[in-house]
Each structure stands twice: as structure tokens, then as C-alpha cells.
Amino acid sequence: MSPEQTFPSAARLFPERLKSPWWIGHIPFAFELIGRMQPRTVVELGTYSGSSFAAFCQAVEASGGNGHVYGVDLWQGDVHMGSFDEELYQEMAAFTSTRYPNISTLIRKDFNEAAASFAEGSVDLLHIDGTHTFEAVTNDFETWLPKMSDRGVVLFHDINVTEQNAGPAALKFGVRRVFDSLKANYAHAEFDHCFGLGVLVVGNAPDASVMRLIDEVKADAAKAFFAEKGDAVSKHFESLGIALPQHGSYGAESESTSSSVTPHDGQSAPVAQSHRSLLRRVFDRLRRMVA
Ligand SMILES: C[S@@+](CC[C@H](N)C(=O)[O-])C[C@H]1O[C@@H](n2cnc3c(N)ncnc32)[C@H](O)[C@@H]1O
């Protein structure tokens, strides 16, 4: 069987909404996972301008299931991204209410606070993409693990941020360490492209189709297929010429919000500046990759 036959949702769908470059190489895998899994409840921690969120919504809609996608974010910024203007949230809210009014909900809360809105065992698919320090990602995983259903799968973005691909600011990223500390205990898969995606099957009774997918993507040919499909998405994004928003510095002026955004992370403005320089380098690198 060709990869197109093995991974039909990844082969068939193409993303409708692309707003930032950092995650979009994983959209083909998200399409395939959701197509097979048909999750009832998807939760994303860290929605920002919605590239990953919109892909989850598109896949849920295309799967014909009755899933619902929740995007959790304060839309205030964080120690990596800087501080956001209110328009970022307004644009996301307008998008979701017009394009996916029945299957999506934005929750404007701190991740820890939002967890109280979900019953234990109710979340099928969780995407962790908020603050990327070791402490923050550990906190997000531990806080949300009890919410995961028997079919539960957790995605971790940025398991492959290195000094080679992102410069010195990569030292602040602890996702790789968290994922490595967990993966011995769970069925898992991982991708290196687009700064890496970790996939952890945390439920006790996972779908057979999901377990097959976890096995299938271990093959080099499958990894190459998803990397190529992801690269095609990145090239398309580049061709759109979308300007990324400039964010302000996050720290002293956000003192009152920093504890709610990142209660476990005392970093401030200098880190935000270093991360903005990381984001510039990442974007330059993507430009070179697709040139
Ligand atoms: C890397 S961005 C998410 C990118 C997004 N998934 C995409 O596809 O473009 C991280 C987001 O997490 C949010 N965030 C970080 N820590 C948070 C927390 N503890 N509570 C709520 N939002 C948080 C930030 O506001 C930011 O929008």
C-alpha cells in the first residue's frame, strides 16, 4: 500500500487556515489522527492565532463525527511569545464563531483554571502547546492527565527545539525532557520535523486504529511521508506572504498577569526578548527551507 492509501485523511485534506509557521508541518498527522480516532472532546492548551486549532476543527468536521474542539488560552502572551494585542483574540473569536460555531469553543482562561471545566475522563485528545519550559509542560501534563479518557492521546509540540535549529533560546525549552521522561510508560510516536511532535497514548483502552497508526508512523517511509506533507503546508504558508504580528515585551508590565499565565515560571522580559529572537530565527529558517 502507498502512504496515500495508508494515511487517507493526511493525503486528502489540506489546511484551510494558516496563521503562523511553527506548528503547521504537523497538520497532516493531526488530520490522520483525528480521522481515525473521531475524538468526542479535543482540548488545545495554547491556541494563539489558531493554526493548529483550525486544523483540529477542520479534521473533526471532515470526519463527520460529533466531536467538539476547545481552545484554551489567555491571549495575553507568555514568557516566550511576548505580550499580545487584544485584536489577536478578537480575530480568533470572530473566526471560530463564523466558521465553526457548532463544534468549537474558545476558553479564555489560564490552563490550570480551565481544567476545572472538564470532567475527569472526558478528554480524548489533548494538545499541549503553551509555555514550553520543563516546569510548565510538566504542570500542564499532570494537571490534565486525570481529565483524559480511556481512549486518551496527548500531543506535545516542540520536542525537537535545539540550539542547532533555534539558537540559544532553545535552552529554555523543556518539552523534549518531559516527553522522554514519560514515553517509557506509554505507547508513543514522535516526529522530528517542524520542531518536533510527541504523541503519547495515555488511555487504558485506546482505539485499535490509533494503535495501528502509532505503529505505522515508526517506519522511516511514514516519517518521510509526514515530513514531506508538512513541508508542503509550510511552502504553501510561505507563498501566502502572511505577516506575523509583532508582540510587545512580556514581563515587568505584565507583572499582574504573569502569575496567572505561568504560575510555575518566574522568567520575564529578557527571556521574552530572547524568544522573540528565536521566533525570528525560526521564521528565517523556514524561509530558507522552502526557498
Ligand atoms: C506557542 S503559542 C500556541 C501556538 C498555536 N498552537 C499555533 O498553532 O499557532 C502558546 C500560547 O499559549 C498561551 N499560554 C501560555 N501559557 C498559558 C497559560 N498558563 N494559560 C493560558 N494560556 C497560556 C499563550 O498566550 C500563547 O498564545
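## Helix α5

Helix α5 covers residues 86-99, which makes 14 residues. At 1.5 Å a residue, the helix should span 20 Å. Its end C-alpha atoms lie 20 Å apart, so expectation and model agree. The model is a predicted one.

Three residues of α5 are buried: L88, M92 and T96. Seen down the helix axis, the buried residues fall within an arc of 55°, so they line one face of α5. An α-helix has 3.6 residues a turn, so residues three or four places apart point the same way. The other side of α5 is exposed, with E86, E87, Q90, A94, S97 and T98. Strand β5, residues 104-107, is included in what covers the buried residues of α5.

## The chain as a whole

The protein chain has 291 residues, and 48% of them count as buried. It holds 13 helices and 9 strands. Take the contacts between residues at least 6 apart in sequence: 77% of these join residues at least 24 apart.

## Confidence

The mean pLDDT of the protein chain is 89. A value of 70 or more is reached by 86% of the residues. Residues 252-277 are a stretch where the pLDDT is below 50. Beyond near neighbours in sequence, that stretch has 46 contacts in the model.

## Around the ligand

There are 22 residues around the ligand. Those that come nearest are G46, Y48, S51, S52 and G130. Two elements give two or more residues to this shell: α4 (51-63) and β3 (77-78).

Y48 is among the residues that come nearest to the ligand. Its place is in the loop between β1 and α4. Is Y48 buried or exposed? Y48 has 25 C-beta neighbours inside 10 Å, so it counts as buried.

Q38 also has a positive phi, near 45°, and is likewise a residue other than glycine. Q38 lies in the loop between α3 (27-37) and β1 (41-45). Q38 has 17 C-beta neighbours inside 10 Å, so it counts as partly exposed.

D140 sits in helix α7, residues 134-144. Because 26 other C-beta atoms lie within 10 Å, D140 is buried.

Which residues does D140 contact, leaving aside its neighbours within four places in sequence? They are L45, F111, I128 and G130. G130 also belongs to the residues nearest the ligand. D140 and G130 are 10 residues apart in sequence. In space they are 8.5 Å apart, C-alpha to C-alpha.

## R177

R177 is found in helix α9, residues 175-183. With 14 C-beta neighbours inside 10 Å, R177 counts as partly exposed. R177 and F134 are 43 residues apart along the chain. Their C-alpha atoms are separated by 6.9 Å.

Methods. Residues numbered from 1 in each chain as written. Predicted model: local features only at pLDDT ≥ 70, side-chain atom pairs only at ≥ 80, totals over all residues. Helix = DSSP H or I, 4+ residues; strand = E, 2+ residues; numbered from the N terminus. Expected span 1.5 Å × (residues − 1). Buried ≥ 20, exposed ≤ 12 C-beta atoms within 10 Å, placed from the backbone. Arc of directions from axis to C-beta. Contact = placed C-beta atoms within 7 Å. Near = placed C-beta within 6 Å. pLDDT = per-residue confidence, 0-100.
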